[in-house]
Amino acid sequence: MFLHCQRWAPALLLALAGCASAPPPAPARLGLKLAPAALAATVSVQQHLVVERAGRIDELDAALEVEPSHLDLVGLAFGQRVLSLHYDGKEMTSWRHLMLPAQVRAEDVLEDMQLTLWPREAIAQALPAGWRIEDSGLRRTLFLHDEAVTVIDYSGMPRWSGTVVLDNLRYRYRLTIQNAPEGS
């Protein structure tokens, strides 16, 4: 069962997108689009997302399904669908509620999801020159020219269990993902 949302989701999705209030000098996001099969697992999980940015906290519930042939994500606020995303490894289709700002980009949501869940090796192969990714225990760090850009901490393995905290240092937001235990 989805956890109840306490606040409206547009600001959360805006924070996930990392676009609207990003400082102008920051370059564009990676544009990471890894094949669902590269996850090397089938995942079906319910999540509660909390985004902290500029002193504001927003929450959203989500259902994520990843199979070798596709990835589907549905985001809910107050029990209403506000975002959906489908990606088959080649094409992505998305839908969002009319109230969501135009800056909310499904591509950026997909990128954060893949940086958080996909194996380091799959991500490393897709990174442009100057970028690298390291895993050290329950911490993953994405670097650009030896400067940490994103730090992800896991409470346990597999990566889609327990709590995951993604600190995006470039766009200055923190995404906390609470994955519901299997069978709940």
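Q: Let's start with Gln47. What does it touch, leaving aside its neighbours within four places in sequence?
A: This is a predicted model. In it, Gln47 is in contact with Leu60, Asp61, Ala62, Leu64, Ile177, Gln178 and Asn179, once its neighbours within four places are set aside.

Q: Which element holds Gln47?
A: Gln47 is in strand S1, which spans residues 43–53.

Q: Is Gln47 buried or exposed?
A: Buried: its relative accessibility is 10%, and the cut-off for buried is under 20%.

Q: What does the side chain of Gln47 make a polar contact with?
A: With the side chain of Asn179, at 2.9 Å.

Q: OK, zooming out. How many helices and strands are in the chain?
A: Three helices and 10 strands. Reading from the N terminus, the order is α-β-β-β-β-β-α-α-β-β-β-β-β.

Q: And what is the strand order in the sheet?
A: The sheet is open and has 10 strands, ordered S5-S4-S3-S2-S1-S10-S9-S8-S7-S6, with antiparallel pairing. Its edge strands are S5 (92–96) and S6 (131–136), each of which pairs on one side only. On average, neighbouring strands are turned by 20° against each other, direction ignored.

Q: How many bridges join S1 and S10?
A: Six, in the antiparallel sense. Within that pairing, Val50 has Thr176 of S10 as its bridge partner.

Q: What stands opposite Thr176 of S10 in the next strand over?
A: Val165. That residue belongs to S9, residues 163–168. S9 and S10 (residues 173–179) run antiparallel and are joined by six bridges.

Q: How many residues sit between the strands in the hairpin of S9 and S10?
A: Four, and Arg172 in that hairpin has a positive phi near 55°.

Q: Which residues does Asp167 bridge to?
A: In S10, its partner is Arg174. Asp167 in S9 is also the bridge partner of Val151. The strands S8 (residues 147–154) and S9 are antiparallel too, with five bridges between them.

Q: How many residues of S10 are buried?
A: Five of its seven, so the strand counts as mostly covered by the under 20% cut-off.

Q: Switching to helices. Which strands does H2 lie across?
A: H2, residues 106–117, lies across S2 (56–67), S3 (70–77), S4 (80–87), S5, S7 (139–144), S8, S9 and S10. The helix runs at about 70° to S4.

Q: Buried or exposed?
A: Glu111 is buried, because its relative accessibility of 4% falls under the 20% cut-off.

Q: Which backbone atom does the side chain of Glu111 reach?
A: The backbone nitrogen of Leu32, at 3.3 Å. Apart from neighbours within four places in sequence, Glu111 is in contact with Arg29, Leu30, Gly31 and Leu32.

Q: Now the nonpolar core. Which residues of the largest one touch the most other members?
A: Leu64, Leu71, Trp118 and Ile123, out of 42 residues in that core. H2 gives the most to the core, with six residues.

Q: What is Trp118 in contact with, leaving aside neighbours within four places in sequence?
A: The list is Leu34, Ala35, Pro36, Ala38, Leu39, Val66, Leu71, Met113, Ile123, Arg140 and Arg159.

Q: Where in the chain is Gly137 found?
A: In the loop between S6 and S7.

Q: How far apart are Gly137 and Asp153?
A: 16 residues in sequence, and 9.2 Å in space, C-alpha to C-alpha.

Q: Last topic, whole-chain numbers. What percentage of the residues count as buried?
A: 47% of the 184 residues.

Q: What share of the contacts with a separation of 6 or more comes from residues 24 or more positions apart?
A: 51%.

Note on methods
Residues are numbered from 1 along each chain as its sequence is written. This is a predicted model: local features need pLDDT of at least 70, side-chain atom pairs count only at pLDDT 80 or more; totals for chains, interfaces and linings use all residues. Side-chain values use heavy atoms; hydrogens and water are left out. Two strands pair if DSSP finds at least two bridges between them. Helices (H or I, at least four residues) and strands (E, at least two) are DSSP runs, numbered from the N terminus. Buried means under 20% relative accessible area, exposed over 50%, partly exposed in between (1.4 Å probe, protein chains only). Contact means heavy atoms within 4.5 Å. Axes are lines fitted to C-alpha atoms, for helices over the stretch in contact, and angles run from 0 to 180 degrees between N-to-C directions. A polar contact is a pair of N or O atoms within 3.5 Å; within protein, one must be able to donate a hydrogen and the other to accept it, and residues adjacent in sequence count only if both atoms are side-chain atoms. A nonpolar core is a set of buried Ala, Val, Leu, Ile, Met, Phe, Trp, Tyr and Cys residues joined through side-chain atoms within 4.5 Å.
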